[in-house]
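Welcome! Please take a look at the sequence and structure below, and then read on for a short tour.

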Amino acid sequence: MTLKAVPKATPNRRLCPHTRLLLRYAVASRLLILTLIIIWRSLLSPYDTSASINPQCLSSSNSSNPPPAALFPRVGSAIERSIVWDGVYFARVAECGYEYEQTFAFLPLLPLCASLLSNTVFAPLVPVIGYRAVLGLSGYVLNNIAFVFAALYLYRLSVVVLKDNEVALRASVLFCFNPASIFYSSIYSESLYAFLSFGGLYHFMNGAYNYSTFWLALSSCARSNGVLNAGYICFHAMLQVYEAFFSKKRAYLVTLKILLAAGLRSVCIFIPFISFQAYGYFNICLGRSVAEMRPWCKGSGLLKIFSS
């Protein structure tokens, strides 16, 4: 059993009919979800009321200058009220950085991308609706666009794995309307993670191993379970080793090369997550007295911050 690289398609700027159809389904599903969110939030009060809790950043707690008033505060307030549950933490990290230890449960890729969009593309909207509302808007735009690309990459990956365009299309359409679809259109990290994971696996199946490693490493910046994507590389290495022993000369040398390459790629996927945990440890634990330290700071493992 081997994982064979798929022949590269000839250059074609036009989308195939299935891709165009899936693109329409993906966009329509996001518009439907966003419409339902707006309707239900206008009819019912949300269970989570944490959206209104927005104290000043600790880094600016001593500043006496209030932020300038927005031109359309009601629009900004409506966007801010939609930031609930985990979105509150993602928006807070994007605005203020990692201030409290519980915020380290939310990995930095989504906050970094939202902050980048807010300070570049959507920067002209800050005087109009306010900075926090722009952060929320950036998160919504980013995640919904990422979802559309995730659906397209899922279709490409399914074609490679299933070798059936029709079945791949059905699977991708079902993904667009899956029961957890609202999380992919909210300020959660699921859309970015799906996009990077599907894209990384697609490039991996096409033989672009180093390029796919970069994608999968980024997925571990979005969600902690991104490190599990290293399992695909390890499994592929096992198949290559098995094949080397039965069909190639100098099997030991080939095996060493395969294992070394797989090990380095797996380490690359783990590095972003481990680096983030180390950052949290040094940010919270170092420079404090023993009495001020959290219990997990006194342990020997950096990764204890993730379970704190």
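**Overall picture**

The accessible surface of the protein comes to about 17900 Å², and 67% of that belongs to carbon and sulfur atoms (Shrake-Rupley method, 1.4 Å probe). This is a predicted model, where local features need pLDDT of at least 70, side-chain atom pairs count only at pLDDT 80 or more, and totals for chains, interfaces and linings use all residues. Residues are numbered from 1 along each chain as its sequence is written, and side-chain values use heavy atoms, leaving out hydrogens and water.

**Fold and burial**

- The protein has 12 helices and 0 strands (DSSP runs, numbered from the N terminus: H or I of at least four residues for helices, E of at least two for strands).
- Of the 308 residues in the protein, 44% are buried (under 20% relative accessible area, 1.4 Å probe, protein chains only).
- Among contacts (heavy atoms within 4.5 Å) with a separation of 6 or more, 70% come from residues 24 or more positions apart.

**Helix 6 and helix 7**

- Helix 6 (residues 131-162) packs with helix 7 (residues 165-176) at an angle of about 150 degrees, and their axes are 8 Å apart (axes are lines fitted to C-alpha atoms over the stretch in contact, with angles from 0 to 180 degrees between N-to-C directions).
- That angle makes helix 6 roughly antiparallel to helix 7 (over 145 degrees).
- The residues making this contact include Phe147 and Leu154 of helix 6, and Val167 and Phe175 of helix 7.
- By class, the contact of helix 6 with helix 7 has 13 nonpolar, 3 polar and no charged residues (Ala, Val, Leu, Ile, Met, Phe, Trp, Tyr, Cys and Pro are nonpolar; Asp, Glu, Lys and Arg are charged; the others, Gly among them, are polar).

Terms used:
Angles under 35 degrees count as roughly parallel, over 145 as roughly antiparallel, 65 to 115 as roughly perpendicular and the rest as oblique. Buried means under 20% relative accessible area, exposed over 50%, partly exposed in between (1.4 Å probe, protein chains only).
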